[in-house]
Amino acid sequence: MRKAQKQEILDLIQSLHQAHEEIKDAVSQRNQALAQNMLAECQDAAITLGETVERFEGEVHITVSCVEEYCEALFHSHEELIQNQFNENKIYKKLKKLMLKIENSVKNDITVRKEAVFLPYKASMWDSLESVWKAADADENCDAYVIPIPYFDKNPDGSFREMHYEGDQYPDYVPITKYDEFNFERHHPDTIFIHNPYDDLNLVTSVHPYFFSDKLKKYTDQLVYIPYFVLGEIKPDEEERIEGMKHFCTVPGVYNADKVIVQSEDMRRVYIKVLLDAANDHSEAARKYLENKILGLGSPKFDKVADTSRENIEIPPEWLKIIQRPDGSWKKIIFYNTSVAGLLTHNDKMIAKMEYVFRTFRENQDEVTLLWRPHPLIKATVESMRPQLWTAYDRLVRNYIEEGWGIYDDTADLDRAIEISDAYYGDGSSVVQLYQQTGKPIMMQDVEIVE
C-alpha cells in the first residue's frame, strides 16, 4: 500500500473516532434516531475501509479481520438501541477499543510501498539511470516503473518537428510502461527521476511539454535530476573551466528538482558555487539549502561501465564478420567517437577529417576494425542548426555503411562499444570520462591533421 493510501485510511479512522464521540453524546441525550444514523454511517465507512485494505493487502490480512469485528459490534450496538437495551459508556468504550485495534493494525501490520518512476527519453542515455532503477527494483517494498517519454526534433524557429519514442530500444530485462498508460496524478509517485534538464530551452530537441520538470513537480513528493552526461572533473577554484560548463548548472531541471545527483564531490561544490553566484545570494541559508539539494554520489554511467563485461555482451553477427579474422581471432577495435560540437565548430573541415580517418582505417581493415559511434543527436542538431552541412554528412554516413568494412553503431548500447573496443579515438566528450574508467588508451583527434 502506498503512503498516501495508508494516510487516507488513518484519516478515515480519525473520523470514526470523532463519530464515536457524537454517538455517545446522542445516546446520552436519548436521541436514538441520530445515534442509529451515526452507527449506520460508521458501518458504511468501515466497509469502505475494509474493502480498501482488502484490495491492497488481501482478504486474509489481519486488519480486515479487525474491521469485521468492528462491523459486528456496530450491528449489535444498533440492535441494542432499537430494543432500548443500551448503555452509552458501554457502547462508546467497545467501539473505541475496537477502532484503536484497527488503527494499531493499520500502523503496524500494513507495510508502506514506495513508488519510483524513471523517465528516460533517449534509450542511449538510459545508463544514466539504470543502476538507480536496479536498486529500486530490487527493493521488495518499492514499485519501480520505467516510462520512456516521447521527444521532438525542433526546427530552427523552435517549433516541433517529428516526434520520437524509443520505448522498444531498452534492454530486455527492463520492463517498460507506456507513458500514455500511466496516470501520474492518481499514482503520485514518491520519487520521479529525470535525466533531461532542459525543458523548453534546448534548441535541437525537446521532451514532450507534459514532462517538463516544472510540470512533474506537481505529481511527486520528490523530483530527482541525474545528468545524462559526465564531465571532466573540475575543482571549485578553476574559474576558467567553470565558465565553460556553468550552463549545465543553471537549467530548469536543476532549479526544479528537489535533489540533484552529480558525479563527484568536487562537481557538487562546483554546482553549489555556480548556483550561489547565479542567484547573487551567498547567505548561510542559501548555501545550506544547496548543500542538502546537490549530492555528489557519483554517476550511474560509471556503474554501468564497471558492470559491463564481454561475457554478458551480445555481439551482432554482422559485427563479428568485420571483427574476426579468418582464424577466429579478433582484430584490434578502435572506438571512433564524433561529437556534435566537433561538427558545429569545424563544419566542412570536420567532414574532411572524417573522410581521412575512414580512408586510413579502410586501408588497414585487415588488422584493425573501426567502430564508429556518432553522437545520437548529430542528425537532429545538424539538420536544425547547419542544414547546409547535412547533405555532406549524410552522404558520408551512407557511404560508410554501404562499403561495410567498418562498424556503424547507432544503437542505444554505448557500454557495449566501450567494453569490446581496445582504444578510444575521436572528439572530446563525456564518453572520454567514461572510457577513462577502463584504463584503455585514449587518443584525441586533431581536425587539422589530414593528408
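## Second largest pocket

In this predicted model, the lining of the second largest pocket takes at least two residues from each of α5 (130-138), α12 (300-307) and α18 (414-420). The space in the second largest pocket is about 710 Å³. It is lined by 28 residues, and those closest to its centre are Pro171, Tyr173, Lys304, Asp413 and Arg416.

By class, the lining of the second largest pocket consists of 12 nonpolar, six polar and 10 charged residues.

## Largest pocket

The largest pocket holds about 1,000 Å³ of space. Its lining has 36 residues, with Tyr198, Tyr228, Phe248, Val340 and His375 closest to the centre. Two or more lining residues come from each of α8 (239-245), α14 (340-346), β11 (368-374), α16 (378-385) and α19 (430-435).

The lining of the largest pocket is made up of 21 nonpolar, 12 polar and three charged residues.

## Threonine 220

Threonine 220 sits in the loop that runs between α7 (213-216) and β7 (222-225). Its relative accessibility is 8%. Because buried means under 20%, threonine 220 counts as buried.

A polar atom of the threonine 220 side chain lies 3.2 Å from the backbone oxygen of aspartate 190. The backbone nitrogen of glutamine 222 is likewise 3.2 Å from a polar atom of that side chain. Leaving out residues up to four places away in sequence, threonine 220 touches His188, Pro189, Asp190, Thr191 and Ile192.

Conventions:
Residues are numbered from 1 along each chain as its sequence is written. This is a predicted model: local features need pLDDT of at least 70, side-chain atom pairs count only at pLDDT 80 or more; totals for chains, interfaces and linings use all residues. Side-chain values use heavy atoms; hydrogens and water are left out. On a 1 Å grid over the protein atoms alone, a cavity is a set of points where a 1.4 Å probe fits but cannot get out, and a pocket is an open set with protein on both sides within 12 Å along at least five of seven lines; lining residues have an atom within 4 Å of a point. Grid points are joined across faces, edges and corners, and a volume is the space filled by probe spheres set on the points. Helices (H or I, at least four residues) and strands (E, at least two) are DSSP runs, numbered from the N terminus. Ala, Val, Leu, Ile, Met, Phe, Trp, Tyr, Cys and Pro count as nonpolar, Asp, Glu, Lys and Arg as charged, and the others, Gly among them, as polar. Buried means under 20% relative accessible area, exposed over 50%, partly exposed in between (1.4 Å probe, protein chains only). A polar contact is a pair of N or O atoms within 3.5 Å; within protein, one must be able to donate a hydrogen and the other to accept it, and residues adjacent in sequence count only if both atoms are side-chain atoms. Contact means heavy atoms within 4.5 Å.
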